[in-house]
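Here are my notes for you, colleague to colleague, to read alongside the model.

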Amino acid sequence: MLRVTCAGTLAVLAALLLIAGPSASFAAEGKLKGGPPAAESDPFCVPDGSIEELQKYIEGLKALKPSSSLRPAGAEFRRKQAAAQLAACEKILAAKPTPEQVRMALRTKVAALTALEHLGDSAATAKIEATVEQARQLSPPEPAPPELVREVQFAILEGRSQHLAAMGREQYSQLVSRLAAFLKQGPIDSDAARLAVDLAMAAEEPGKRDLAVATYTTLGKILATSQDEKVASTAATMLGAARRLNLVGKPFVLQGLTLGGRAIDLKKYKGRVVLIDFFATWCGPCREEIPNITKCYDAYRKRGFEVLGVSLDRDRKTIADFLDKEKYPWTVLLDRYEARGTDKSMATYYGLFTIPQMVLVGRDGRVLSLDVRGARLDKALAEQFGPAEK
């Protein structure tokens, strides 16, 4: 699975169950919109009723939103919302739920407890872990596979991943280790592979890239053991991402053919500073970078600056029509879409999960920077050539 997306439209991790669902008002009279009413004066007073009615009540809770935008009021609202969901789930589990109802209740319970944990409830952490044991007790006896237990374990990992931005290095490393242990137990499906990618991508920022490299490498090697072709493809891209993040100061390898079928040898550009721009015609942020690249190309080309585009488009005609219209003054190569998942594809070799990806290569063929979007490109070129001539 190669998931290349525009950086500007990168899909965000799925929201916690307790805040998912359509937006609705938090009614002043205390009724739930989208579900049966609880107590007239308190929408967070969990009603009695059948499992189906409790499920509707939970769905109604998801649709609520706080009446105030102030942070303390919002935190208190989410605390009550999660507590009500938790209580409703316990009522469902105490009844005689079907296997599907058990799964729904346990996943919602984990999401609610994770929200409470994030809000500072110190008791929630132990309750989250206790949910795994609860799933074991509700799982069918051996030799049936403990699918419910694994589903709850994954829900815990997924819930914790919602709060990566607030994690310190130690917490992040612990979560990676826990996901690695989960993956080794197998089988690895596309959801688990996605979580591995999301976890590694979250560390791709200054000051944490060593964590990202370690995560891509550790989890990528585990995914590579999967017999699933898409998971194995994801593994190859993750290992490529680790290679990309370690590029600065190392030689840049580039393969590809122009629309005319001409191969490019990067060694021929020795002595010149080269920008490698990975892009696609369907990527809005990629197109937004073009005017800035063009400005820098015009300002520094005569002083030794070159640009090489690498198109990740699937369809050859699409990129051909695009280039015929835009008339880029630099050379554009075609990445081999059919080779995705192998090192014959530059997108896989350098682990591109988002584009545009712009790499600046120095006169000696070694990478100068992986972070030259926008004004940073002009600054980097000024460091190489001096200020641009007006």
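**Notes on the fold**

1. Let's begin at one pairing: Leu 257 has Leu 334 in S5 as its bridge partner. S2 and S5 pair in the antiparallel sense over two bridges. (Helices, H or I with at least four residues, and strands, E with at least two, are DSSP runs numbered from the N terminus; two strands pair if DSSP finds at least two bridges between them.)

2. A word on the ground rules. This is a predicted model, in which local features need pLDDT of at least 70 and side-chain atom pairs count only at pLDDT 80 or more, while totals for chains, interfaces and linings use all residues. Residues are numbered from 1 along each chain as its sequence is written, and side-chain values use heavy atoms, with hydrogens and water left out.

3. The overall picture: the protein has 13 helices and eight strands. Of its 390 residues, 48% are buried (buried means under 20% relative accessible area, exposed over 50%, partly exposed in between, with a 1.4 Å probe and protein chains only). Among contacts between residues at least 6 apart in sequence, 68% join residues at least 24 apart (a contact means heavy atoms within 4.5 Å).

4. Back to the sheet. Six strands form an open sheet in the order S2-S5-S4-S3-S7-S8, with mixed pairing. S2 and strand S8 (367-369) are the edge strands, each pairing on one side only. S4 and S5 pair in the parallel sense over four bridges, and Val 310 stands opposite Leu 333 in S5.

5. Phe 252 deserves a look on screen. Leaving out residues up to four places away in sequence, Phe 252 touches Leu 247, Leu 266, Ile 276, Phe 278, Tyr 350, Val 359, Val 361, Gly 365 and Val 367. In soluble globular proteins, nonpolar side chains tend to be buried together.

6. The buried residues of H6 are Tyr 172, Leu 175, Val 176, Leu 179, Ala 180, Phe 182 and Leu 183. Seen down the axis, they fall within an arc of 165°, so they line one face of the helix (the arc is that of the directions from the helix axis to the C-beta atoms). The face turned away from that side carries the exposed residues Glu 170, Lys 184 and Gln 185. Helix H5 (147-161), helix H7 (190-201) and helix H8 (209-223) are among what covers the buried residues of H6. Just after H6, Gly 186 takes a positive phi of about 55°.

7. On charges, the structure holds 19 salt bridges (a side-chain nitrogen of Lys or Arg within 4 Å of a carboxyl oxygen of Asp or Glu). Arg 103 forms one with Glu 100, the closest N and O atoms being 2.4 Å apart. Both lie in helix H3 (residues 99-118), three residues apart, about one turn of the helix. Arg 103 also meets Glu 151 in a salt bridge (4.0 Å, N to O). Arg 103 lies in helix H3 and Glu 151 in helix H5, so this pair ties together parts 48 residues apart in sequence.

8. One more salt bridge: Arg 272 and Glu 306, with closest N and O atoms 3.3 Å apart. The pair links distant parts of the chain, with Arg 272 in the loop between strand S2 (257-258) and S3, and Glu 306 in strand S4, 34 residues apart. At 27% relative accessibility Arg 272 counts as partly exposed, whereas Glu 306, at 17%, counts as buried.
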